[in-house]
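Dear colleague,

Please find below the structure that I am handing over to you. My notes on what was found in it follow directly after.

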Amino acid sequence: MSCADHIDSFIVFMMANGVEPDEPIAARLASGSLIRFRCKGDGKGRKNGWAILYLDARPAGAFGNYRQSTGTLKWKADASGPALSVEERAALQREWKEARERREGERRQNEAEAALDAANLWTCARPVAPGHMYAFEKNLDTRPLRELGSDILIPMCDEGGTIWNLQRIRPTGEKRFLNGGRINGLFTLIGEFTPVAREAVFVEGYSTGDTVHRATGLPVIVTFNTANMPKVARLWSELRPDLEYTVFADDDEATALRELQRTGAYKNPGIETAEAVAAEIGAKIAYPLGRPQGRAA
């Protein structure tokens, strides 16, 4: 079978297991990298499908749908069929290299364009109006934030203070980043690092960070999501090794219970990520009420 045949078989298998792409994905699967894509039934702007395909001597892949909470589903090529030839594998390696280079260039371009958009939107935005529904419900101190339309804007910055992206929060609490914008390694600060500051706190969400800052007076570093927390924590532990850090865990109990019901395994991403980050950088860890308190080993 050719590479194209294996890709077709993989997509057919995905669809048979309820993960139906709503956009072409064959060319992107050939890259050998993890891809995200829109599935049938996804809401506007959502890409809940994911897949990765390894087209080596015996092709295999994995895929899933976040909205459907499928977990990781796996596929392997029929072992009775012919393996890819040396020539086919060599051609595929060349295609992968070229595809990686194209994607990297496109990623850098998209991030640069999103950074320009973020700076322009931030400049055009106004102070958050009193009574904004989300800010009122979360009792936010909105002075560091801005509003554009009905969206609250939160700047996402690098260590030099450059705004690369924005998190937009709608009155309903729905959160979005700018399309194509950088997320990895970006953060926003709540509070200030005074000359005598010796502690700082990592949190995922802005409203949690606002509450923690007002309760403790400590500067808070908002990482925006679970995947980004380890990257930001490593960055800060290298920039400011003199500080003592606390990681405030986000309790994803609802997600954990869904996973428990579906697979029989209890996985709480917010708690597990916070514990792993605290252990890696030697930080203390703080849990929401109802969770045990302690320091990561």
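Glu104 counts as partly exposed, because its relative accessibility is 29%. In this predicted model, the side chain of Glu104 meets that of Arg108 in a salt bridge, with 3.2 Å from N to O. Arg108 is likewise partly exposed, at a relative accessible area of 48%. The two residues lie four apart in helix H3, so about one helical turn separates Glu104 from Arg108. In general, an α-helix has 3.6 residues a turn, so residues three or four places apart point the same way.

The structure holds 17 salt bridges. Another of them joins the side chains of Glu174 and Arg46, at 3.9 Å from N to O. This pair connects distant parts of the chain: Glu174 belongs to the loop between S8 and S9, Arg46 to the loop between S1 and strand S2 (49-54), and 128 residues separate them. Glu174 is partly exposed, since its relative accessibility is 26%, and Arg46 is also partly exposed, at 36%. Glu174 has a further salt bridge, with the side chain of Arg176, at 2.8 Å from N to O. Arg46, Arg170, Glu174 and Arg176 are linked in a network of salt bridges.

Strands S8 and S9 also take part in a sheet. Five strands make up this open sheet, in the order S5-S6-S7-S8-S9, and they pair in the antiparallel sense. Glu147 stands opposite Ile152 in S7.

I turn next to the largest pocket. The space in it amounts to about 2,600 Å³. It is lined by 46 residues, of which Arg36, Lys47, Phe177, Gly181 and Ile183 are the closest to its centre. Several elements supply at least two lining residues each, namely helix H2 (26-29), strand S1 (35-37), helix H3 (86-124), strand S8 (163-169) and strand S9 (175-177). H3 contributes the most, with eleven residues. Sorted by class, the lining contains 18 charged, 14 polar and 14 nonpolar residues.

Asn228 is located in the loop between S12 and H6, and it counts as buried because its relative accessibility is 0%. Apart from neighbours within four places in sequence, Asn228 is in contact with Ile183, Asn184, Gly185, Leu186 and Thr223. For orientation relative to Ala99, the C-alpha atoms of Asn228 and Ala99 are 25 Å apart in space, and the two residues are 129 apart in sequence.

Finally, which residues of helix H6 (residues 229-239) are buried? They are Met229, Pro230, Val232, Ala233, Leu235 and Trp236.

With kind regards

Notes: Residues are numbered from 1 along each chain as its sequence is written. This is a predicted model: local features need pLDDT of at least 70, side-chain atom pairs count only at pLDDT 80 or more; totals for chains, interfaces and linings use all residues. Side-chain values use heavy atoms; hydrogens and water are left out. Buried means under 20% relative accessible area, exposed over 50%, partly exposed in between (1.4 Å probe, protein chains only). On a 1 Å grid over the protein atoms alone, a cavity is a set of points where a 1.4 Å probe fits but cannot get out, and a pocket is an open set with protein on both sides within 12 Å along at least five of seven lines; lining residues have an atom within 4 Å of a point. Grid points are joined across faces, edges and corners, and a volume is the space filled by probe spheres set on the points. Ala, Val, Leu, Ile, Met, Phe, Trp, Tyr, Cys and Pro count as nonpolar, Asp, Glu, Lys and Arg as charged, and the others, Gly among them, as polar. A salt bridge is a side-chain nitrogen of Lys or Arg within 4 Å of a carboxyl oxygen of Asp or Glu. Two strands pair if DSSP finds at least two bridges between them. Contact means heavy atoms within 4.5 Å.
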